[in-house]
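Have a look at the sequence and the model, then read the points in order.

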Amino acid sequence: MDSNIYLPNLMIVEKITQEAPGVKTLRLKFKDEEFGQKFEFKAGQFAEYSAFGEGECTFCIASSPTRKGYVECTFREAGRVTSALAKLEEGDTMGFRGPYGNTFPIDEWKGKNLLFIAGGIALPPMRCVIWNTLDTRENFGDISIVYGAKSPADLVYKHELKEWGERPDVKLAVTVDPGGETPDWKGEVGFVPAVVEKMNPSPENTIAIVCGPPIMIKMTFPVLDKLGFKPENIYTTLENRMKCGVGKCGRCNVGEKYVCKDGPVFSRLELEALPAEY
Amino acid sequence: MNDLKAKVKDLFESGAINLFIGYEEGTRRPRPLFVKNAEETNKLVFDDRCSGNLAVYLTRKDLIGGKKVGIAASYYALKSINQLVSENQLSDEWLRVIGLSADGKLLEFGSLAEVSEYLKTASAPPKQNEDELVRQIEAMTMEERWQFWSDELSKCFKCYACRAACPMCYCTKCIVEVNRPQWIQPWATTLSNMEWQINRVMHMAGRCSDCGSCGEACPLGIPIHLLTHKMSETVAANFGQNGDDKGNVLSTFKPEDKENFIL
Amino acid sequence: MERKYISDESLKTFINQLNDEGRHVYAPVAKGEKTEFERVKSFDKISLDHIQTTQSIKAVAFPRTEKLFSYTKNKGDVTLEDYNPDLIPEMVVFGLHPCDAAGFKPLSNIFNWGTPDVPFNERRRRTTLIAMSCTQSDEFCFCTSVNGGPGNTAGSDILLTPIKDKNGYLVEVVSEKGQELVSKYAGLFGEAPDVDKEAYLAKLSRKFSLDDLRGKISHMFESEVWKKQSERCLGCGACAFVCPTCACFDIQEDTKGSKGNRLRCWDSCGFSLFTFHTSGHNPREVQSQRWRQRLLHKFSYMPERLSVVGCTGCGRCSRACPVDMNISDHLAEIADLSVVTTEKEK
């Protein structure tokens with residue numbers, strides 16, 4: 001008999017980080033250590049996470065494939081499953097199915113500059129790529145990161161933002177929405193697209209990776225157009241509702257493309273070929 | 001029939017409406033039709049074969065939003081319209097109602113208030129079949145009744161055609177879709193199917209027009225309209241008739257309301 | 001393909017013996033105005049007069065509610081119990097029509113796209129299909145428009161065609177599974193009658209050209225036709241649930257105390273919340289988008305991605321629809337469209 005694709009791997013919650021109000025990162029280790037050592041994934045892939053008794057939820061893998069021995073997921077408490085996952089304690093067991101989906105074509109980006117643009121809770125899918133490229137720093141040219149959230153409190157991975165900000169080989173701009181700034185806020189104030197425009201990155205030999213809420217993506221693309229980025233050099237991820245993760249349950253397709261199999265990573269060129277139903 | 005076509009044509013030509021919801025001939029019986037202009041009115045039919053309560057479309061914003069709507073309403077659709085008015089879902093500003101009397105004459109209503117007035121004196125078409133079936137079920141012992149409904153509801157696969165066909169089921173998120181807490185198990189098993197039907201029917205109490213569209217819509221032929229039929233009878237016997245100026249009988253307190261069911 | 005004969009009487013014996021040897025036999029049973037597949041323990045319960053059962057027989061391989069695995073929680077710890085295929089009985093479906101037998105191929109292609117689906121495959125593997133050619137049809141049938149036919153053998157293990165004047169059936173042994181059964185009960189089968197099978201089948205004219213339909217439908221995402229066709233659609237799941245090829249499902253949790261099962265249950269692309277994101281965003285917000293998805297999935301996406309059309313022309317969706325969304329009429333309308341909208345709406 002083939003193995004049952006719906007049967008999750010059991011994972012132990014090793015570490016819990018409260019990133020922002022309602023946002024947590026769980027570091028997970030495979031209960032079956034042998035399996036855990038063999039486990040591999042690539043930047044951009046996602047998984048189905050189980051809170052037994054409540055159900056499954058889809059998120060990207062937020063840790064980098066270069067950091068072995070664990071996977072991390074970062075999520076906002078929103079529905080039934082995420083609320084149950086948020087109640088888990090260190091040492092508790094949860095389920096994991098994956099990795100699923102395609103990957104960022106990092107190998108093709110060797111020698112290029114990278115511009116990461118993220119908003120709100122969409123930094124996690126990008127954090128995986130950021131660490132992946134920082135851990136293999138010699139393969140890439142300039143690395144710039146623009147990240148924005150509603151307010152300083154809503155920023156996720158605060159310690160890592162600090163670390164990236166201090167690295168001489170990373171250019172980082174962190175911004176909060178106008179009105180969200182606190183008196184001691186020292187970063188930028190403004191929406192992500194405006195900050196990107198102000199940063200004025202060169203499209204020369206540069207790949208832009210954009211993850212964020214639909215409205216942010218919609219507003220950022222024209223800015224990248226104006227700066228001269230070609231659609232084939234812009235990447236994003238789609239996050240449609242899904243149940244199975246493997247192309248069967250029938251939910252996540254955009255036209256004939258299935259986000260779970262053909263995505264979640266799409267270049268803007270590919271995105272433009274899709275019907276506007278995402 | 002030509003009466004209706006002419007009337008609706010007039011409504012289009014005078015600009016009173018820009019959408020008319022009626023019936024056209026279908027594969028085996030008439031089916032709903034959305035008429036957009038005077039020319040299309042020649043497809044309209046309206047007679048006692050026209051079943052399925054068209055009032056169900058009046059809460060569908062994607063279809064009627066921003067439009068001036070006319071509707072062909074059977075007796076039961078009129079009752080549903082009246083109930084939707086009392087739930088603040090409809091307005092004279094955008095809705096024109098054409099009814100059909102028991103003897104097959106067209107009824108032109110100048111306002112939704114006139115619909116309400118009409119219903120005070122109009123009598124409901126007889127439901128001998130339903131009455132008979134309810135009597136048969138009532139004659140059963142408790143065990144037989146449980147067996148009857150278990151057998152019937154074991155068939156249900158939760159397609160929610162009953163909900164979709166009901167003018168009163170216009171919640172954007174139905175109780176069966178609420179999952180915190182999960183009140184009703186969303187998959188199909190006999191028990192969870194019963195939970196669903198009991199909830200559906202209770203939500204109809206005092207609101208149901210007794211049109212029977214739920215039962216008619218059921219692709220598996222489960223007689224769920226008997227539940228609403230019996231419930232309408234019970235509500236009327238205990239709290240008064242729908243639409244007799246008492247408001248929604250189960251959400252309007254009256255000093256004379258029965259309280260003997262409170263333990 | 002081997003051809004044989006079985007008499008009315010021997011067929012009875014054949015089916016009864018399949019039951020007696022412990023197989024679960026599913027066959028059409030008439031109840032009031034409806035005929036549905038049910039498990040039968042005797043041939044006498046079976047009704048073969050119907051044109052179409054209300055529901056397809058896909059549930060033998062894709063039950064409306066099915067356990068995928070079980071779990072037990074113990075404080076923070078969890079133990080899992082995998083899906084157990086040994087609990088699945090050997091099954092025989094008797095009396096299904098060719099449109100239902102054909103439906104298992106699209107289902108199988110969906111469930112095996114990339115990764116094999118164990119619950120589906122294990123059930124399908126234990127199922128033998130003894131189908132019955134159609135001698136009658138109604139105005140909703142359109143198998144001949146989607147590469148099928150009233151005597152189509154595709155998907156069946158054995159296909160029987162009633163030969164009234166010979167008091168029995170022409171037997172076509174289509175697959176190895178079918179061959180095994182026929183060999184096992186060889187005494188019940190005789191020599192094939194020298195008849196023209198076609199003469200005994202229902203006559204169905206084509207309602208549309210599949211080539212015309214496919215040529216157009218893949219290029220008309222932005223067409224106005226979806227809005228127009230879907231106006232009366234109520235957004236229920238009746239069409240999907242009676243369909244022999246619809247496979248969309250939901251995954252749910254059935255928990256009691258510290259134990260529970262993860263379940264798969266039928267779902268429908270027609271439901272408004274099917275694609276609803278927790279954030280409130282819904283890529284298919286209105287019914288016209290959901291109707292478009294239903295038809296494009298069956299006639300564009302599935303042919304493109306899974307090399308199979310997601311429709312066998314059984315007409316069940318049209319019969320089940322509370323508002324007469326007659327699918328073959330809608331498909332014929334699309335196949336006949338002269339102007340196709342290709343422009344992308346922005």
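1. Start with chain A, where the C-alpha centres of domain 1 and domain 2 of chain A lie 24 Å apart. Domain 1 of chain A covers 9–100 and domain 2 of chain A covers 106–237; such bounds come from an automatic or database domain assignment. The contact between them takes 16 residues from domain 1 of chain A and 17 residues from domain 2 of chain A, where two residues are in contact if their C-beta atoms, placed from the backbone, lie within 7 Å.

2. On the side of domain 1 of chain A that touches domain 2 of chain A, strand 1 (9–20) and strand 5 (71–76) of chain A are the elements that give two or more residues. The residues of that side divide into eight nonpolar, five polar and three charged. For the classes, Ala, Val, Leu, Ile, Met, Phe, Trp, Tyr, Cys and Pro count as nonpolar, Asp, Glu, Lys and Arg as charged, and the others, Gly among them, as polar.

3. A quick word on what you're looking at: this is a predicted model, in which local features need pLDDT of at least 70 and side-chain atom pairs count only at pLDDT 80 or more, while totals for chains, interfaces and linings use all residues. Residues are numbered from 1 along each chain as its sequence is written, and chains are lettered from A and ligands numbered from 1 in the order in which they are written.

4. Helices (H or I, at least four residues) and strands (E, at least two) are DSSP runs, numbered from the N terminus. In a regular strand the side chains alternate between the two faces of the sheet. Here Thr206(A), Ala208(A) and Val210(A) point one way, and Ile207(A), Ile209(A) and Cys211(A) the other way.

5. Which strands pair with strand 11 of chain A? Strand 7 (residues 113–119) of chain A does, in the parallel sense over six bridges, with Ile117(A) opposite Val210(A). Strand 12 (residues 234–237) of chain A does too, in the parallel sense over three bridges, and there Ile234(A) is the bridge partner of Ala208(A). Pairing requires that DSSP finds at least two bridges between two strands.

6. Strand 11, helix 6 (residues 214–227) and strand 12 of chain A also make a right-handed β-α-β unit. Right-handed means that, with the strands pointing away from the viewer, the path from the first strand over the helix to the second runs clockwise.

7. The largest nonpolar core has 240 residues, and Ile117(A), Met126(A), Ile209(A), Ala73(B), Ala161(B) and Val93(C) touch the most other members. Such a core is a set of buried Ala, Val, Leu, Ile, Met, Phe, Trp, Tyr and Cys residues joined through C-beta atoms within 7 Å. Leaving aside neighbours within four places in sequence, Ala73(B) is in contact with residues including Leu54(B), Ile81(B) and Val97(B).

8. Finally, the chains meet: 37 residues of chain A are in contact with 47 residues of chain C. Chain A's side of that contact divides into 14 nonpolar, 11 polar and 12 charged residues. Elsewhere, 30 residues of chain C are in contact with 26 residues of chain B.

Key: Buried ≥ 20, exposed ≤ 12 C-beta atoms within 10 Å, placed from the backbone.
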